[in-house]
Amino acid sequence: MAEPVHEGVIGMAGTGGGARPGICPTLLYADARAAIRQLTEALGFTELSVYETEDGTVMHAELVQGNGAVMIGSKGRGGVFDTVMKDAGPAGVYVVVDDVDAHHQRAVEHGVEILVPPTDQDYGSRDYMARDAEGNVWSFGTYAPDLGV
């Protein structure tokens, strides 16, 4: 296996000493590079780090939005997680954003499939739902659980 190519690496995962999210959804993609482009360009995530092999296989990537993060990798990269996720279906992830309408507009401008347009919910949130290029469902809204901490 080729040595990873480190692009945009800020530091080793979990060792930077800064704020860290308590939960990080982890998704594998047939074309992880395309997924990273869509998530950053169309859905407003920021690329924190990407570790690739010389052939472009994404071994691990971290994307952030607000105080949350998602980890991305290539399907077929090998390892235990790749093996157990082989037959897994798409996932659903909820992301808290301040301005749902502006976020939605950015997604639309980038051709993202919108499943539900921005909608005011009776519990006080405003949110919308989209599907990424590989079928994962992303919800973006103003609701954020009160963790009591």
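Are Phe45 and Trp138 buried or exposed? Select both: Phe45 is buried, and Trp138 is buried too. Keep in mind during the tour that this is a predicted model.

**Aromatic pairs**

Searching the whole structure gives four aromatic pairs. One of them is formed by Phe45 and Trp138, with 5.4 Å from centre to centre and 75 degrees between the planes, an edge-to-face arrangement. This pair links distant parts of the chain, as its members are 93 residues apart. Phe45 is in the loop between helix H1 (32-42) and E3, while Trp138 is in strand E9.

Now select Tyr123 and Tyr143. Why is this pair edge-to-face? The ring centres are 6.0 Å apart and the planes stand at 85 degrees; an angle over 60 counts as edge-to-face, so the pair is given that name. Tyr123 sits in the loop between strand E7 (113-120) and strand E8 (126-131), and Tyr143 in the segment after E9, 20 residues away. Tyr123 counts as exposed because its relative accessibility is 53%, over the 50% cut-off. Tyr143, at 41%, counts as partly exposed.

**A loop residue**

Move to Thr53, in the loop between strand E3 (46-52) and strand E4 (58-65). Its relative accessibility is 6%, so Thr53 counts as buried; the limit for that is under 20%. Show the side chains of Thr53 and Asp55: a polar contact of 2.4 Å joins them.

**Strand E6**

Select residues 92-96, which make up strand E6. Val93 and Val95 form its covered face, and Gly92, Tyr94 and Val96 its uncovered one. Within E9, Gly141 is the bridge partner of Val96.

**The largest pocket**

How many residues line the largest pocket? The lining has 22 residues, and Ile23, Asn67, Gly68, Tyr94 and Val96 lie nearest the centre of the pocket. About 660 Å³ of space lies in this pocket. E6 gives the most to the lining, with five residues. Strand E5 (68-74), like E6, supplies at least two. Colour the lining by class to finish: 15 residues are nonpolar, six are polar and one is charged.

Notes:
Residues numbered from 1 in each chain as written. Predicted model: local features only at pLDDT ≥ 70, side-chain atom pairs only at ≥ 80, totals over all residues. Heavy atoms only, no water. Helix = DSSP H or I, 4+ residues; strand = E, 2+ residues; numbered from the N terminus. Buried < 20%, exposed > 50% of the residue type's maximum accessible area, 1.4 Å probe, protein only. Polar contact = N/O pair within 3.5 Å; in protein donor to acceptor, adjacent residues only side chain to side chain. Pairing = 2+ DSSP bridges. Phe/Tyr/Trp six-rings, centres within 6.5 Å; stacked < 30°, edge-to-face > 60°. 1 Å grid on protein atoms, 1.4 Å probe; cavity = no way out; pocket = protein on both sides within 12 Å on 5 of 7 lines; lining within 4 Å. Points joined across faces, edges and corners; volume = space filled by probe spheres on them. Nonpolar A, V, L, I, M, F, W, Y, C, P; charged D, E, K, R; others polar.
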